[in-house]
Amino acid sequence: MSDDFDETSGPELTADEEALLKEMPTLTDVGQARRTFLGQTITGGLGLFALMLLEQERAFAALATSPEAVFAPAPALENPVRVVLKVNGATKTLELDSRMVLLDALRERLELTGTKKGCDQGQCGACTVIVDGRRVLSCLTLAATLEGREVTTVEGLARGEELHPVQAAFIKYDGFQCGYCTPGQLCSAVGMLEEARRGEVSHVTEDVTKTTTKLTADEIRERMSGNICRCGAYPGIVAAIQEAHSGKETARTWRFVEEEELARVRKEIADETV
């Protein structure tokens, strides 16, 4: 091998290749041009998209105000059935698909959106309502099966401005955080208290011969196990149900400050700052 061989050198270029190389832009110029091109393309595309949306809105607005506008009728119900039921004390007559579940009928047809759709599979309890005094999962209950039945949702628990005892206890013991599961928790608790008054037992009931069941913390946790709280407010929920059941205040780590006590504390702070 020749001593003057340079490993970094490449094959010699022809005259045409050298001329072409001189005419080509530098890599820096190519990169800047590419970034500029991409930026202009994205900006132009967004502007065109916004313009198309604006034109569609204008077209719809003009169509809606036109006296000659003809709109397609709402799609006809498949397998329609007529159901008459009582919801929160008011008689409701519904014409609905025979496959519609109670949850969708409440939310979409009666606009009672307090009942929440969680898993839609009967596993989380967020959709719990009360039917004839018993708690049911409305996402698994066909509305067509409730002819002549009485349904109570979270909107029907209170009596005007007076909260249901369970609702008041949930507030007192901070039995909720985000609140999404709370309607189902409340309806489930109300239904569960009625079950206990009727003497219905659970898997943890010690004496199944008694006509009424005393709800211990274990009883409450077992009977409310079908209602999931992703925030983990279970201690407050159990305490609230215990008070609503027994009428006795249970231990809690916080309480509302009375006006007299608040005035006394303010006075002490004012005296200390003098």
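Predicted model: local features only at pLDDT ≥ 70, side-chain atom pairs only at ≥ 80, totals over all residues.
**Notebook: strands, helices and side-chain contacts**

**Entry on the hairpin.** I looked up how the two strands around that pair are joined, and found that strand β1, residues 80–87, runs antiparallel to strand β2, residues 90–97, with eight bridges between them. Another of the pairs I checked was Val81, whose bridge partner in β2 is Leu96. I then followed the chain from β1 into β2 and saw that they form a hairpin with two residues between the strands, where Asn88 in the turn has a positive phi of about 55 degrees.

**Entry on the whole sheet.** In what order do the strands of the open sheet lie? I read the order as β2-β1-β5-β3-β4, five strands with mixed pairing. The edge strands are β2 and β4, the latter covering 134–137, and each of them pairs on one side only.

On the side of β1, the strands β1 and β5 pair in the parallel sense over two bridges, and the partner of Val87 in β5 is Val151. With β3, residues 128–131, strand β5, residues 150–152, pairs in the antiparallel sense, again over two bridges. Here I noted that Val131 has Val151 as its bridge partner in β5, so that Val151 is listed as a partner for both Val87 and Val131.

**Entry on helix packing.** I turned to helix α7, residues 234–246, and its packing against two other helices. Helix α4, residues 165–172, packs on α7 at an angle of about 140 degrees, with the axes 8 Å apart. The two are therefore oblique to each other, since the class of roughly antiparallel is kept for angles over 145 degrees. I recorded the crossing of α4 past α7 as right-handed.

For helix α5, residues 182–197, I found an angle of about 40 degrees to α7 and axes 11 Å apart. This pair, α5 and α7, is therefore oblique as well, because roughly parallel would require an angle under 35 degrees. The crossing of α5 past α7 is also right-handed.

**Entry on helix α2.** I looked at the surface and found a nonpolar patch formed by Leu48, Leu51, Met52 and Leu54, which together have about 360 Å² of accessible area. Of these residues I checked the place of Leu48, which lies in helix α2, residues 27–65.

Because Arg58 and Glu55 are three residues apart in α2, about one helical turn separates them. For the whole model, I noted a count of 15 salt bridges.

Definitions and conventions
Residues numbered from 1 in each chain as written. Heavy atoms only, no water. Pairing = 2+ DSSP bridges. Helix = DSSP H or I, 4+ residues; strand = E, 2+ residues; numbered from the N terminus. Patch = residues over 30% accessible without salt bridge, like charges linked within 9 Å, V, L, I, M, F, W, Y side chains within 5 Å. Areas by Shrake-Rupley, 256 points an atom, 1.4 Å probe, with all protein chains shown as cover. Salt bridge = Lys/Arg side-chain N within 4 Å of Asp/Glu carboxyl O. Axes fitted to C-alpha atoms, helices over the stretch in contact; angles between N-to-C directions. Parallel < 35°, antiparallel > 145°, perpendicular 65-115°, else oblique. Left-handed = near helix turned anticlockwise from the far one by under 90°.
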